Amino acid sequence: MAVEGDPRASANKSLGDAVDDLPIFNVDNLQSNIKSIYYSRTFLSIIGGVIAGIWGFTGFTGFIFYFIVMAAASLSLAAKAKFSVHAYFDSWSRILVDGIFGGLMSFVLFWTFAYDIVHIF
Amino acid sequence: MAEDLVLDTAIRDWVLVPLSVVMVLIGVLRYFVSKLMRSHQAPDLKVVKEGQVILRARNLRAASGFIPAKSFRSRKTYFTNEENGLLHVPKGQSQNAQAQMFSDPNLAMDMMKKNLSMIIPQTLTFAWVNFFFSGFVAAKIPFPLTQRFRGMLQNGIDLSTVDVSYVSSRSWYFLNLFGLRGLFSLILGEENAMDDTQRMMQMSGFGFDPSRSLSAEKDGIDIIQHDWALPKMEKRAEDALKKLLK
């Protein structure tokens, strides 16, 4: 089920066998999917940081914006996986929660950068 | 206390941007240098063998449900047998392996090279930043922090009434250090993301890997309870067919 021309959420279907206690996953595909998620989140944190800086968010508003962006990302990733997460990943946490705090530092950096350049010029 | 300082545009042009650009360039440079300097270590036969044994044992553990109980047990004894099982490392030998790892000159050189290639650019850049860019406010971070952070973030600025959001260039350096990891992982391809912190963690756990992982695998295989999945497969096939026929 390869989706043409979409680098994000590469639809490498890792064979999720729905047997009671025997999940079987093709490790390479699983890792490639996880990497796609990581890249998307990193990219979105950077872009989100620049947007937050340009719009002049300060303090908590900025962090809330970051979490909103991450939540939107999780939602769209889940939609991309057609909501059958177990066909592509080994657990819900991968697609929903993983990597949120990793992107936080990049977000803060680019947020500070853009904010300074635009507002404290 | 929240009066807005007006900061010189020249600071933007000559401090923030150059510092970030320099750090990105140094990161890229470091990546290529480490690629060039990677000494090709001829893999040690013993280490490769042990690695493969561990892989086999792991596959056995993962796929234990697919083979009948008797085969599983025979494979299990093959691995964990006390006398000549593959995973059983007698105590004396295991200590030796670790000591050997460390005194092996090639390996030590490799680790030292990796460490140095990490530490030197960081130290140099930090010294450069301190020398040239100290003593003035460099940036304003968009979120407020408490007074406790003042000493850390404003080290060159000796006024105590300035808002803590106005930071010195040293903190801009640290912010860049952590924030650019994500950027590096995007532009340099996969494995260069968390270079510094990840490598430091790897360094600490590196030398002991082989013998410890052998005994860990052995314990894993000993623990596992064999649950043959084939009988269930018949039932599953029956259910699937029934669904199809409906």
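**Exercise 1.** Which residue forms a salt bridge with B:K235, and how many Å apart are the closest N and O atoms?

*Ground rules.* We're working on a predicted model, where local features need pLDDT of at least 70, side-chain atom pairs count only at pLDDT 80 or more, and totals for chains, interfaces and linings use all residues. Residues are numbered from 1 along each chain as its sequence is written, chains are lettered from A and ligands numbered from 1 in written order, and side-chain values use heavy atoms, with hydrogens and water left out.

*Solution.*
- Step 1: look for a side-chain nitrogen of Lys or Arg within 4 Å of a carboxyl oxygen of Asp or Glu; that's a salt bridge.
- Step 2: the partner is B:D239, with the closest N and O atoms 3.6 Å apart.
- Step 3: both residues sit in helix α10 (residues 230-245) of chain B, four residues apart, or about one helical turn. Helices here are DSSP runs (H or I, at least four residues), numbered from the N terminus.

**Exercise 2.** Find the salt-bridge partner of B:K242.

*Solution.*
- Step 1: B:K242 pairs with B:E238, at 3.3 Å from N to O.
- Step 2: these two also lie four residues apart in helix α10 of chain B.
- Step 3: over all chains, the structure holds two salt bridges.

**Exercise 3.** Is A:F107 buried or exposed?

*Solution.*
- Step 1: buried means under 20% relative accessible area, exposed over 50%, partly exposed in between (1.4 Å probe, protein chains only).
- Step 2: A:F107 comes in at 0%, so call it buried.
- Step 3: its contacts (heavy atoms within 4.5 Å), leaving aside neighbours within four places in sequence, include A:F65 and A:Y66.
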